[in-house]
Amino acid sequence: MENPKLALIPSGYKSGTVYSILPTDGVGDFDFSRGSIATRVNKDGLIETVNNNVPRLDWLNSDCPSLLLEPQRTNIVYPNTSISAYSINNGFKSDNVITSPDGENNGSLVQSTGGTCAIYRSFGTATNTTYNISVFLKKGNYNNIRLQEGFTGSRIVVDLSNGTEVASNNATNKKIEDYGNGWYRVSFNYTSHPSTTIAQYSVYIEGSTASGNTFYTFGGQIEQGSYATSHIKTISNTITRQRDFSLNGGNFDLFNVSELSLFADVTNFKRDATSYITLTNGVNNPINMVRLDYTQNSILIRWYNNGTNTFGYNINSVITNQRNKLLLSFGNNQAKTYFNGILKNTTSISGIPNGFDSLSFTNRTETGGTFQGKVHEARFYDRVLTEDEAIELTTI
Amino acid sequence: MEIKLGKYEFKSEEQALNKIQDLGVDIDFEGNEYPTHKHAIVLLGHIVLEQGEYDEDLEEIKAPVLSDKYHVDVVWNGLESHPYGWKTYSVDLESEGMHQFAGVSYLENKM
């Protein structure tokens, strides 16, 4: 297959830049910014802190890195590398007893002394709002552990011997992710109490009042939003990680073509706000763009030419948090849409999208609408890919 | 871009949201509201000043003490002073406070 004019395969970066593989002269590189430090899972599978404006190539459960793009989130649970300040019922707790998922000896132990054993701590929240609660847990000598928000009774019980759910209540978007070395990150969404402006983060030994039961814990997190984002380390106060901004790949000459194909291979998160990938000229009015709008369960494709909606197609039943591959081609008086190895749509068009100067993971004015997800690859071709090529490229 | 940090205590959530709205929002052609500024704003709300106490069934023994003010932290991008109407509600702390932007010191960057 002939090379694309622009190919982003996340592998090289520096502060403020995500390098594209093609073109080799740097024109296809993306600007990157984030006003705070943040964490990623590195090649060794460990959680690692990276500095402000450094792109995050994330290796969680993958042999190849992806570009992690997340919204601003605040972790209200603190400290989350120690539980010394937490209350405990019917047990004792010890910090710094085991290697945690960040590779440091800062995992904590909880051991029951008979009765219902739980650690807990309260934090201020908004009422009647969607939050995600998460924690890293590792089996001690007892399997079943409960993560709970106390004021709503929202909870999940997990079996740490195999990383499976045992039971839950008032919990949605439940996830149990394997972080290696016996650690699981357990998370779920809940709606905060309608009148109480406090959340109670708590972790229980479930189903046994015997003395001597143990588990390990690290990295508690409660964040406003509908999915768990990367670990936000807290010590003495709540911490906000700012959003990732990746934009401005390519230039006018690169996108000044007579036909084109645009390819996006991403894992889109269950978004809380608009989440776009856009070919744009950055101008607010008139609207000129090709935009992929990743919603909760669909991808809305829109091409606007000089303010006119020239092409639109919706891919429905898209599953968030799953990798998907989309290819759009414009040429030969046709727009074609391929998704996960299937030609989904062919529409007659006149002309092709043109006049753009950047590919951005943002809205068309490059001021917001930041894409929320993992970017595995993005390509731009100055030709229409054949059906065989398109299906091969988009097959999962 | 130069950044400055500010911490604010508003009388209510409504007042805080009005102040934030005044910083600039627009509505795109599909009806989505988006900020036209590039400041990072965190709504901390009525923060916990003192932890509550609970028995082994997690029944409340002593209620936590909450601030009666609505707290907001902001990273101001490219501003040298508080925007109009914000200075009155700013607080000047001698510590980082109960909230921090990851890796960014309030004390070293405060407005």
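D244(A) forms a salt bridge with R34(A), with the closest N and O atoms 2.9 Å apart. This pair joins distant parts of the chain: D244(A) sits in the loop between β22 and β23 (245–247) of chain A, while R34(A) sits in the loop between β4 (30–33) and β5 (38–41) of chain A, 210 residues apart. Both D244(A) and R34(A) are buried. The model discussed here is a predicted one.

D244(A) has another partner as well: a salt bridge links D244(A) to R56(A), the closest N and O atoms being 2.7 Å apart. R56(A) lies in the loop between β6 (47–50) and β7 (57–58) of chain A and D244(A) in the loop between β22 and β23 of chain A, so this pair ties together parts that are 188 residues apart in sequence. D244(A) counts as buried because its relative accessible area is 2%, under the 20% cut-off. R56(A), with a relative accessible area of 0%, is likewise buried.

Elsewhere in chain A, E377(A) forms a salt bridge with R379(A), and here the closest N and O atoms are 2.4 Å apart. E377(A) is buried, at a relative accessible area of 12%, and R379(A) also counts as buried, at 17% relative accessibility. Over all chains, the structure holds 21 salt bridges.

How many salt bridges does the rule find across the interface of chain A and chain B? The number there is 0. Polar contacts are found, however: across the interface of chain A and chain B, 9 residue pairs are in polar contact, both residues being at pLDDT 80 or more. On the side of chain A that touches chain B, at least two residues each come from β13 (118–124), β20 (198–205), β22 (238–241) and β26 (289–294) of chain A. β13(A) supplies the largest share of that side, 5 residues. Sorted by class, the side of chain A that touches chain B has 11 nonpolar, 20 polar and 5 charged residues.

In total, the contact draws 36 residues from chain A and 29 residues from chain B. About 2700 Å² is buried between chain A and chain B, and carbon and sulfur atoms give 50% of this area. Strand pairing also spans the two chains: β22(A) and strand β11 (residues 99–101) of chain B pair in the parallel sense over 3 bridges. Within β11(B), H99(B) is the bridge partner of T238(A).

Note on methods
Residues are numbered from 1 along each chain as its sequence is written. Chains are lettered from A and ligands numbered from 1 in the order in which they are written. This is a predicted model: local features need pLDDT of at least 70, side-chain atom pairs count only at pLDDT 80 or more; totals for chains, interfaces and linings use all residues. Side-chain values use heavy atoms; hydrogens and water are left out. Contact means heavy atoms within 4.5 Å. Buried area is the accessible area (1.4 Å probe) that two parts lose on being put together, summed over both. A salt bridge is a side-chain nitrogen of Lys or Arg within 4 Å of a carboxyl oxygen of Asp or Glu. A polar contact is a pair of N or O atoms within 3.5 Å; within protein, one must be able to donate a hydrogen and the other to accept it, and residues adjacent in sequence count only if both atoms are side-chain atoms. Helices (H or I, at least four residues) and strands (E, at least two) are DSSP runs, numbered from the N terminus. Ala, Val, Leu, Ile, Met, Phe, Trp, Tyr, Cys and Pro count as nonpolar, Asp, Glu, Lys and Arg as charged, and the others, Gly among them, as polar. Two strands pair if DSSP finds at least two bridges between them. Buried means under 20% relative accessible area, exposed over 50%, partly exposed in between (1.4 Å probe, protein chains only).
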